[in-house]
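Hi everyone, thanks for making time for this. I'd like to walk you through one structure, a few spots at a time. Have a look at it on the screen, and then we'll start.

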Amino acid sequence: MTVTPESVIKIAKGEVGTHEGYSNGHWNNDQKYSKETPTLGWSNYQAWCATFVSWVAYKAGAANLFPCTASCLTGVSWFKQRGRFSEYPAVGAQVFYGSGGGSHTGLVVAFDANTITTVEGNTNTNGSAEGDGVYLRTRQRRDSYVYGYGYPDYPGGIVSADPKWGATSSGGSSAPSTSSPSVARYKVTIGGLEYGYGAKGSHVTAVGKALVAKGYGKHYAEGPGPSWSDADTLNYADFQRSLGYSGKDADGVPGTSSLKALMGTLPGASKPKPKGYEPFPGAAWFKRNPKSPIVTAMGKRLVAEGCSAYKSGPGSQWTNADRESFRKWQRKLGDAPRTATGGPVVSSGTRSRSRRSEGNSP
C-alpha cells in the first residue's frame with residue numbers, strides 16, 4: 001500500500017488524547033512510543049516528542065521517510081542532508097521548533113496563510129512547560145518559535161506552501177524546483193543582528209516592510225515576517241541591484257552599505273549618548289550684567305528644570321528674569337528664602353551654601 005501524507009496523519013490523529021504515565025504528583029515520560037519503536041526502547045522516561053513522530057512513521061509504514069530518533073536536532077540534520085528542509089509548511093511534514101529546531105517537534109496535518117495545525121506528542125495546551133500527552137495544536141506560522149519543516153519523500157508528492165517545490169500530478173510537490181537560479185543561503189551579522197536565510201527577529205520583519213515600501217516586494221507570497229526566507233533574499237537582491245551592485249554584492253544578503261541605504265540607519269548599532277549639560281563656569285562670569293552664550297545656556301537649563309521666570313527668552317544678556325529663575329532653582333534645591341538670592345555660585349557638589357559666596361552674585 002502506497003504511503004501518503006493522509007495515511008501518516010490518520011495514525012497520528014488516532015493518538016490524540018493519549019497520555020504518558022503519572023506518579024508522585026507528576027507526569028513521568030513513561031509512554032508506549034519508545035517501547036514500540038525499534039531501536040528507541042532506551043528513550044523511555046525521556047522527552048518523547050521526536051520519538052512519537054518516529055513511532056507514527058513506523059506504524060504507518062513510512063519509517064524510511066522519517067528519521068528514527070529521539071532527538072529533534074538529529075531530525076533536522078536528517079532532512080537537511082537530503083535536501084528536504086524548508087521554512088514553509090507542508091501537509092504531512094515534520095515541523096521543528098526552537099533554536100536550531102532542537103526544542104520540540106510534531107506533524108503538520110493542515111495549514112493556511114497564517115497558521116499550522118499539528119499533532120504533537122509530549123505537549124499540552126495549558127501553557128505549562130511540562131508536556132503530558134498527544135494533542136492537536138494550532139500555531140502561528142510566523143511565530144519565531146517555528147524553526148522549519150522536514151519534507152518526507154512521499155511517493156505521491158507533498159502539498160507545500162514553498163514556491164520553490166515543483167508541483168506534481170497529485171497537486172503536491174516532490175522536489176525543489178531547479179528552474180530558478182540558486183538563492184543565497186547564508187547569514188551575516190551587522191550591528192549585532194543576523195540577516196540572511198534563517199535569521200529571525202523583528203528586525204527581519206522591519207527589513208521586509210522597508211523593501212515593500214520601496215517597491216521591492218514582488219517575491220513575497222504572503223508578506224514579510226520575522227523569519228528570513230528566500231523571498232526576503234530575492235527582494236533584497238533586487239534592491240541591491242537598484243543601488244548598482246552586481247555579482248556577489250547583489251546576492252540578496254545584506255551588507256552594511258545597502259542596509260543603511262534601505263533603513264536610513266543601521267539597526268542595532270549603538271546610539272550616541274545624549275549630550276549632557278556643559279560644566280558651569282562659576283559666579284565670576286555673572287558680575288556686572290554680563291552678556292555671554294553661557295548666560296543663554298544657563299537659562300535654557302533653568303527652563304528645562306521647570307524654574308523659568310521668563311516672559312521671553314532666555315537670551316545672552318543677564319536680566320532680572322534670569323535672577324528670578326535662578327532663585328526658583330535655589331529654592332527647588334531647598335535653600336532658605338533669604339539665602340536664595342538668585343546669584344550663581346560654584347558648587348562643590350554638596351547642598352551647603354556660603355552667604356559670602358551668595359553675596360558675590362550680581
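Let's begin with Glu 36, which counts as partly exposed, at 34% relative accessibility. One caution before we go on: what you see is a predicted model.

Glu 36 sits in helix H2. Which residues does Glu 36 contact, once we leave aside its neighbours within four places in sequence? They are Trp 55, Tyr 58 and Lys 59. Take Tyr 58 as an example: Glu 36 and Tyr 58 are 22 residues apart along the chain, and their C-alpha atoms are separated by 9.2 Å.

Now follow the chain into the loop between helix H2, residues 32-36, and helix H3, residues 49-59. Here is some background for the next two residues. Most residues other than glycine have a negative phi. Thr 39, in this loop, has a positive phi, near 80°. Tyr 45 lies in the loop between H2 and H3 as well, and its phi is positive too, near 70°. Are these two buried or exposed? Thr 39 counts as exposed, at 61% relative accessibility, and Tyr 45 counts as exposed at 52%.

Let's step back for a moment and take in the whole chain. How many helices and strands are there in the protein chain? There are 10 helices and 12 strands. The chain has 362 residues, and 44% of them count as buried. Now think about contacts between residues with a separation of 6 or more: 47% of those in the protein chain come from residues 24 or more positions apart.

Thr 123 is in strand S6, residues 115-123. Thr 123 counts as buried, because its relative accessibility is 7% and the cut-off for buried is under 20%. Leaving aside neighbours within four places in sequence, what is Thr 123 in contact with? The list is His 104, Gly 131, Asp 132, Gly 133, Tyr 135, Arg 137 and Arg 139.

The other strand is S11, residues 187-190, and that is where you find Ile 190. Ile 190 counts as buried, at 7% relative accessibility. Ile 190 and Pro 254 are 64 residues apart in sequence, and 8.6 Å apart in space from C-alpha to C-alpha. Pro 254 is one of the residues that Ile 190 touches, not counting those up to four places away in sequence.

For the last part, let's talk about helices meeting helices. Two packed helices are described by the angle between their axes and the distance between the axes. Start with helix H5, residues 202-213, and helix H6, residues 230-242. Their axes come within 10 Å and cross at roughly 50°. That angle makes H5 oblique to H6, and the crossing is left-handed. Who makes the contact? From H5 it is Val 207, Gly 208 and Leu 211, and from H6 it is Asp 232, Asn 235, Tyr 236 and Phe 239. Sorted by class, that contact has four nonpolar residues, two polar ones and one charged one.

H6 has another partner, H7, and those axes come within 11 Å and cross at roughly 95°. H6 and H7 are therefore roughly perpendicular to each other. In this contact, Tyr 236, Phe 239 and Gln 240 in H6 meet Ser 258, Leu 259, Ala 261 and Leu 262 in H7. The residues divide into five nonpolar, two polar and no charged.

Let's finish on Ser 258, in helix H7, residues 256-263. Ser 258 is buried, with a relative accessible area of 3%. Not counting residues up to four places away in sequence, Ser 258 touches Tyr 236, Phe 239, Gln 240, Leu 243 and Tyr 245. What joins the side chains of Ser 258 and Tyr 236? It is a polar contact of 2.8 Å.

Technical notes: Residues are numbered from 1 along each chain as its sequence is written. Side-chain values use heavy atoms; hydrogens and water are left out. Axes are lines fitted to C-alpha atoms, for helices over the stretch in contact, and angles run from 0 to 180 degrees between N-to-C directions. Helices (H or I, at least four residues) and strands (E, at least two) are DSSP runs, numbered from the N terminus. Angles under 35 degrees count as roughly parallel, over 145 as roughly antiparallel, 65 to 115 as roughly perpendicular and the rest as oblique. A crossing is left-handed if the near helix is turned anticlockwise from the far one by less than a right angle, and right-handed if clockwise. Contact means heavy atoms within 4.5 Å. Ala, Val, Leu, Ile, Met, Phe, Trp, Tyr, Cys and Pro count as nonpolar, Asp, Glu, Lys and Arg as charged, and the others, Gly among them, as polar. Buried means under 20% relative accessible area, exposed over 50%, partly exposed in between (1.4 Å probe, protein chains only). A polar contact is a pair of N or O atoms within 3.5 Å; within protein, one must be able to donate a hydrogen and the other to accept it, and residues adjacent in sequence count only if both atoms are side-chain atoms.
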